[in-house]
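Okay, thanks for coming, everyone. Let me put the structure up on the screen and we'll walk through it together.

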Amino acid sequence: MVRCTLKSLTSESLVKKLCTAALAIAAVAVSSQAISQNAGGTLVMIAQPEPPSLAPYLSTSGPIGLVAPKIYNGLLDYDLDLNPVPELAESWEVSDDGLTVTFNLQEGVTWHDGEPFSSADVQFTIMEVLKKFHPRGPNSFREVSSIDTPDALTAIFNLERPAPYMMRALSAYESPIVPKHLLEGKDVREAELSGNPVGTGPFKFVEWKKGQYIRLDKNENYWKEGLPLLDRIVARIIPDASTRTAAMESGEVHYGAFGAIPNIDVIRLRELDDIGVTTDGYAMINPMALIEFDTTQPPFDSKAMRQAISMSVDRQFLIDNIWFGYGKPATSAMTSNYEPLGLYTPTANYPASPDVAAANALLDEAGIKPDADGVRATAVIDLIPYGEDWRRLGEYMKQAMAEIGVKLELRYEDVPTWLKRVYADYDFSLNVNYFYQLPDPVIGVQRHYGTDQIRQGTPFVNSTRYSNPKVDELLAAGAVEADADKRGEIYAELQNILAEDLPVVNLFEMEFLTVYNEKLKDHTPSAMGAYGSFDRAWLDN
Amino acid sequence: MSQAAQRSRYVLKRLLQAIPVVVAIVVVNFFLLQLAEGDAVDVLAGEAGSATPEYMAQLRQKFGLDQPLIVQLGVYMKNMLTFDLGYSFRHDMPVAQLVLDRLMPTLLLMVSTITLAVGFGIVLGLIAASNLNNWKDNVISVFALVSYATPLFWVGLMMIVVFSLKLRWFPTSGMENVAMFYEGWDRIKDIAHHLVMPTLTLSLFYLALYTRLMRASMLEQASMDYVTTARAKGLTERRIVFVHILRNALLPVVTMAGVQVGSLIGGSVIVESVFAWPGLGMLAFEALFSRDLNLLLGIFLLSALLVVAINLVVDLLYSFLDPRIEVG
């Protein structure tokens, strides 16, 4: 039996072709099986905070990702093992040299306004929209030099160099296909489409009552036979976390993802018969809690200092006591969820349990001596202002780091102040944060370490100003290496260097929670989870 | 001059006086808001996940945030003259539309709260004052004290636990049932159903205030000379309380209500947040955190106008309640 993994898709071509065919058959089987479920009903989900727009082609903001993939399709979707499955592309083929990717598109797809969908839309979306305006698009599609459209159902991507990561960036969330006829000749950022989305997806946008809800109704002409099953999806905006919990408990809402229900309430709700909790559906997101250091200034310009901190943090304690058991200690600069791709290597300086004695010895050896009060260094620790959990983490850090003689003061500001401090003014010494590592290091990890990612004023890039030519070289090589094994070796070397230098200390792989009413079935059929289309979701009455 | 003509001249004068007040409010708020670190572009870029410096510069240019402050203020004032409140950075739509969308729910909550709080406050205060120091007075006073001292968010959450989760009488939150999307008469009933708990929560606090105020005011008036005179004339106690004391005792309550309507617009943030009620308070709160200055200024302007208008109404009410007070 040929195992169809992402790794196999990027390696030998025979396996790849077999896989493509097998996956296409599997997808047909899945869609015909779904018809036996009950259709109808309104799914009420939580969207929190309110999305800034409904333009997934301009912003990767989380709440947009909850709503937009119900309206737009991507070329591909990904099953729970991260294998690509057909979406707008019914099949695809990567040439042996990795420089040409051919997508054969689904027949009979129309936009919600009735216009036919064609390869021209794909060409326009990638070249004119995502590559130019999407926050991560320029990175995902940087090797795409042109797209040929020999006929309405074929799109051929011509690449400068192989781009193995691109095949993992084609979901409706990451790279939604948008209508050419509504954007062409307009200012993409200003176009009306952002507040009134028109896609090819299972649900049509109906109305957005600001501060209340976004309503999507079933697309009766959806190109997947018999789908979607739900009549309607309503995304409700409920600002208060306790009220969200109460609304879930009372059955007024059926679905809340990305920590919409705080962990402290989840441990109570999960005991109820009609409420379910899952950590599935975040494998393409890979959130990582971490500490960024200002590597240009004392005290954290010292490598020993950063290593000592990584060695003395009790990662399991944070997970157990602050996140109620949801999470996994970090063991490298990269998430262990990259393991199926062969890109994950556990590294040094990430001990399973804290080693305070070794950390102190390391600091003594480096000549960072404690003063009369046992203090080696003082610093202000900034905390990501996304909720109480992060404050608790700050309190833990203050206490734990005192043991290695690092005296910390906590600072918790509002989002704009914090963003400006860390990414525009570089006015911080160490900052607790979390980053999405996403399905591939090129998309999610590179931005944190590359010298070219020191972009003052741009949020969520290299704020540590760490710059290492060797790292840059490896990042560049890893991005274009088509051979999976060689790629794994490149990233193994990279992870070892980063474990030694530690411009960023990863704390733990976060597990976001999805809380749902048991009446709701098949809500997480793909790795996209809450960022999925929900076309097969149904309500059991 | 007839009384009606005098009244309308008075209203006109007051409205003219309001113009510099409103302008001053806008200017002061404008500069106050500049004190906050970071701007809307930082927030938008942060939310989007990542953005290029060029894009951020372009956004600042689009929003006019690259201009000197004084120019920004000038542009804003100029637009205001044409009743153009500008564009909300975050919501990507005209401020006027956003604010007007939220005005109805806000007024609904505000009017029902004030009605309930003032109405019951007057009745309870009256009962307490008429039964001074007996059990009715004590029960009412303790009730007022407890509800005044209880934090609003806690009352709201307890309401949800008891009436939504346990008894299942009321929905937890929102303004209407989004699974049903009722229309016509059913929709009105549905909204009223959703309005009950936020109104009760919010009015509990104000109810306590008006009860205590009314009670004190009644007691104060009851010791006045005119009450003694009325009693000497042989009027019934009933007539003395309802015709003489009550009318005079209402004046401070009306004043208080006028002042508080203003604070109710913004002061209901907590209740709006707990019950996910789509009001102006919540909008202002979010606008602050996303540094959406145009939107905030729009809300401030609307609140200022509302307060000015309500104060005018209150002053006019005085002259009806107490004909000795003349407008002019």
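So let's start with a pair of residues in chain A: Thr100(A) has Asn158(A), in strand 7, as its bridge partner. Keep in mind that this is a predicted model. The two strands here are strand 5, residues 100-105, and strand 7, residues 154-159, and they pair antiparallel over five bridges.

Okay, next stop, still in chain A: strand 10. This strand is largely enclosed by the rest of the structure, because five of its five residues are buried. Which residues cover which side? Arg232(A), Val234(A) and Arg236(A) are on one side, Ile233(A) and Ala235(A) are on the other, and all of them are buried.

What about the neighbours of strand 10? Strand 1 of chain A pairs with strand 10 in the parallel sense, over five bridges, and there Val44(A) stands opposite Val234(A). Strand 9, residues 213-218, also joins strand 10 through five bridges, but that pair runs antiparallel. In that pairing, Leu216(A) has Ile233(A) as its bridge partner.

Now, the interface with chain B. On the chain A side 42 residues are in contact, and on the chain B side 43. Strand 1 (42-46) and strand 10 (232-236) turn up again here, along with helix 7 (241-249) and helix 13 (415-424): each of these supplies at least two residues of the chain A side. Which of them gives the most? That's helix 13, with six residues. By class, the chain A side has 17 nonpolar, 15 polar and ten charged residues.

The buried ones are Pro416(A), Trp418(A), Leu419(A), Lys420(A), Arg421(A), Val422(A), Tyr423(A) and Ala424(A). And just after the helix, Tyr426(A) takes a positive phi of about 50 degrees.

Over to chain B, then. Chain B has 13 helices and two strands, and its C-alpha trace spans about 85 × 60 × 40 Å along the principal axes. Of its 328 residues, 37% count as buried. If you take the contacts in chain B between residues at least 6 apart in sequence, 70% of them join residues at least 24 apart.

There's one helix pair I want to show you. Helix 5 and helix 8 (residues 185-222) of chain B have axes that come within 6 Å and cross at roughly 35 degrees. The crossing is right-handed. As for what's in that contact, we have 21 nonpolar residues, seven polar and one charged.

That takes us to the largest nonpolar core, which has 234 residues. Met45(A), Ile233(A), Ala235(A), Leu507(A), Tyr210(B) and Ile299(B) touch the most other members. Helix 5 of chain B, residues 95-130, gives the most to this core, with 13 residues.

Last one: Gly259(A). Where is it? Gly259(A) is found in the loop between strand 11 (255-256) and helix 8 (263-269) of chain A. So is this glycine buried or exposed? Gly259(A) is buried, because 23 other C-beta atoms lie within 10 Å, and the cut-off for buried is 20 or more. Leaving aside residues up to four places away in sequence, Gly259(A) touches Phe512(A) and Leu513(A). Gly259(A) and Leu513(A) are 254 residues apart along the chain, yet their C-alpha atoms are separated by 5.5 Å.

Okay, that's my tour. Over to you.

Methods. Residues are numbered from 1 along each chain as its sequence is written. Chains are lettered from A and ligands numbered from 1 in the order in which they are written. This is a predicted model: local features need pLDDT of at least 70, side-chain atom pairs count only at pLDDT 80 or more; totals for chains, interfaces and linings use all residues. A nonpolar core is a set of buried Ala, Val, Leu, Ile, Met, Phe, Trp, Tyr and Cys residues joined through C-beta atoms within 7 Å. A residue is buried if 20 or more other C-beta atoms lie within 10 Å of its own, exposed if 12 or fewer, and partly exposed in between; C-beta atoms are placed from the backbone. Helices (H or I, at least four residues) and strands (E, at least two) are DSSP runs, numbered from the N terminus. Two residues are in contact if their C-beta atoms, placed from the backbone, lie within 7 Å. Ala, Val, Leu, Ile, Met, Phe, Trp, Tyr, Cys and Pro count as nonpolar, Asp, Glu, Lys and Arg as charged, and the others, Gly among them, as polar. Two strands pair if DSSP finds at least two bridges between them. Axes are lines fitted to C-alpha atoms, for helices over the stretch in contact, and angles run from 0 to 180 degrees between N-to-C directions. A crossing is left-handed if the near helix is turned anticlockwise from the far one by less than a right angle, and right-handed if clockwise.
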